[in-house]
Every structure is written in C-alpha cells, then in structure tokens.
Amino acid sequence: MEIIGYTAAVLIGVSLGLIGGGGSILTVPVLVYLFGIDVFLATEYSLFVVGISSLVGSVSYFKKGLVDFKMALVFGIPSVISIFLTRIYLLPFIPEEVLRIENFTVTRNIFLLLVFAGLMVLASYKMIRNSTFEGPLESTTDKNNALRAAGQGSIVGVLTGLVGAGGGFMIIPVLVNLLKIPIKIAIGTSLVIISFNSLIGFVSSVNHVKIEWKLLISITAIAVAGIIIGSQLSKKIDGRKLRPAFGWFILIMGIYIITKEIFL
C-alpha cells in the first residue's frame, strides 16, 4: 500500500504544479487509507507536505513575476489567524466521541473524515463548474471585494486548520472572481498563500503531536518531485482543461469516504 501511497503523493504534487490547487485535498485520504496514519495526525502531516510542496511550486511562478504579494497578504493574513485559532483552540477540544446514534458512533476520526469528504464534494463542484473561467487580463480590485476576499480567507483558514487541506480550490476562484487577478497570477499567488497557511498551521501545533520525521520527509520529497513535474508540464498543458476530470475524480473519492465511514 505504501508504494501506491508514494505514487499518489507524486500525483498530489503534479496537480498542485499544474492547476495550482486541488491536489492537497487528496493528501489526508492518502495518509489515512494508504499509509495507515491516524486522522488527527494526518491533518498535521498534510500541512507540512502541502506547505513545502506549494512553496517549491511557487518559486517558478515568482521567477516569472506571476505572484501578487499584495493580494496574498489580503487573503493570507486572515487565513493564518483562523488557522492558528483552529489548530490551538478548536481541533484539540473535539471529543473522541462526537455523536452516538443507537449502534452507530461518530468518533473524532470519523467526524474529521466526514468533514473532509464534504469538503472534497464542494471542491469537485467548484473545479467542474469554474473550469472554463478565463479571468481578466490585468489585476483590478476594489475595497469591498478585498474585504470579501479577507472574509473568504478566514473561512479557508478554518478549513485548513481543521482538516489540513490547502484550500486552493477556494482560493483561486476568489482571486479571479473577486480580486480580478489573471488566472496565471492567481495560480502562483494561490501557491504562496497555501504554503504560508499550511506551514504556519504545522508550526502552530507541531508540539502537540509526535512526528515520524523519516516518513513525513520521504512523502514530502515525493510530492515535491511531483510539483516540479507539474510546473514543467504547465508550460505545455493548460491545467484549466484538466480541472473538470480532476474534479470528477475528487467527487468519487469524497463519496467513497462518506460511504466507507458511514455504511461499511
């Protein structure tokens, strides 16, 4: 199973490099189902894997001038605050037994996986529906949209802190639709935001878990290799054209997790 897991880690990196988001939402399921890692710990591992991978992927976009740091701060600062508060004050206080209905018990692990699966369904919908959006040629924004983007950043921060997903599927539409950032700059900016959010989230709670660094670094290295491959492929392939197919794949995975955790 670990071989399949490492293969999946490559695909996570490729998707991040190619379409700027979406791949990170597969990280927790890969860690849980293929590497056998506890869900709570998997959210912590995911933050590190996604953070380092996105950081590496953002370098090529930065060199091409395809990162808007001002908008990264508008979106990223509220996200970081939400992540910190979620990882420190919310996640540790989720009880081991969240809900009991007759013979069915919703444990903390099942609860987090169900939240994650719901997030995957939402991600798939956004990726399929927004796959053909072109975006403007130049960055244009206003104060109201910037405030709305900051609010969206807070929501992404809570989700990132709770389940360890980077949130690129939510970040890119906000950058393009609200802040009117061209799609290529939105992808580069998204990678910067994801790396910043994820690494801050990892550092904020790393002292509360026991990390198996050898395994974590090996998975991260494979994902980084994938994002380098994805960045190179983005020069020849329009990642937006792949978003619908990737969205359908994420939808199937989300439905599988819900079915497995509730009915199997």
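Which residue takes a positive phi just after helix 2? In the predicted model described here, that residue is Gly36, with a phi of about 70°. Because the model is predicted, local features are reported at a pLDDT of at least 70 and side-chain atom pairs at pLDDT 80 or more, whereas totals for chains, interfaces and linings use all residues. Residues are numbered from 1 along each chain as its sequence is written, and side-chain values use heavy atoms, with hydrogens and water left out.

Helices (DSSP runs of H or I, at least four residues) and strands (DSSP runs of E, at least two residues) are numbered from the N terminus. Helix 2 comprises residues 27-34, and seven of its eight residues are buried, so this helix is largely enclosed by the rest of the structure; buried denotes under 20% relative accessible area, exposed over 50%, and partly exposed the range in between, with a 1.4 Å probe and protein chains only. The buried residues of helix 2 are Thr27, Val28, Pro29, Val30, Leu31, Val32 and Leu34. Helix 7, residues 168-178, is likewise mostly covered, with ten of its eleven residues buried. Among the buried residues of helix 7 are Gly168, Phe169, Met170, Pro173 and Leu178. Just after helix 7, Lys180 adopts a positive phi of about 55°.

According to the unreviewed UniProt entry, the annotation "transmembrane region" covers residues 7-33, 45-62, 69-90, 110-128, 149-175, 181-203, 215-233 and 245-263. These UniProt positions are given in the numbering used here, feature names are shortened, and the annotations may be inferred rather than shown by experiment. In the model, the span 69-90 is 100% helix and 0% strand, and its end C-alpha atoms lie 29 Å apart. The span 110-128 is also 100% helix and 0% strand, with 27 Å between its end C-alpha atoms.

A search of the whole structure finds three salt bridges, a salt bridge being a side-chain nitrogen of Lys or Arg within 4 Å of a carboxyl oxygen of Asp or Glu. In one of them, Glu44 pairs with Arg87, the closest N and O atoms being 2.4 Å apart. Glu44 lies in helix 3 and Arg87 in helix 4, so the pair ties together parts that are 43 residues apart in sequence. Glu44 is buried at 0% relative accessibility, and Arg87 is buried at 3%. A salt bridge also joins the side chains of Arg108 and Glu96, at 3.2 Å from N to O. This pair links distant parts of the chain, with Arg108 in helix 5 and Glu96 in the loop between helix 4 and strand 1 (97-101), twelve residues apart. Arg108 is buried, with a relative accessible area of 13%, whereas Glu96 is exposed, with a relative accessible area of 54%. The side chains of Arg100 and Glu97 form a salt bridge at 3.1 Å, N to O; Arg100 is exposed at 52% relative accessibility, while Glu97 is partly exposed at 40%.

Surface patches were built from residues with over 30% relative accessible area and no salt bridge, like charges being joined within 9 Å and nonpolar side chains (Val, Leu, Ile, Met, Phe, Trp, Tyr) within 5 Å. Accessible areas come from the Shrake-Rupley method with a 1.4 Å probe, and for residues only the protein chains shown count as cover. A nonpolar patch of about 610 Å² is made by Leu73, Ile77, Ile81, Phe84, Leu85 and Tyr89. Of these residues, Ile81 lies in helix 4 and is partly exposed at 48% relative accessibility. A positive patch is formed by Lys64, Lys184, Lys235 and Lys236. Lys64 is located in the loop between helix 3 (39-63) and helix 4 (69-90) and is partly exposed, with a relative accessible area of 47%.

Two further residues were examined through C-alpha separations. Leu41, in helix 3, is buried, with a relative accessible area of 18%; Leu41 and Gly51 are ten residues apart in sequence and 16 Å apart in space, C-alpha to C-alpha. Leu114, in helix 5 (residues 108-129), is partly exposed at 22% relative accessibility, and its C-alpha lies 13 Å from that of Gly164, 50 residues away in sequence.

Technical notes: Lys, Arg positive; Asp, Glu negative; His and termini not counted. Charge placed at Lys NZ, Arg CZ, Asp CG, Glu CD.
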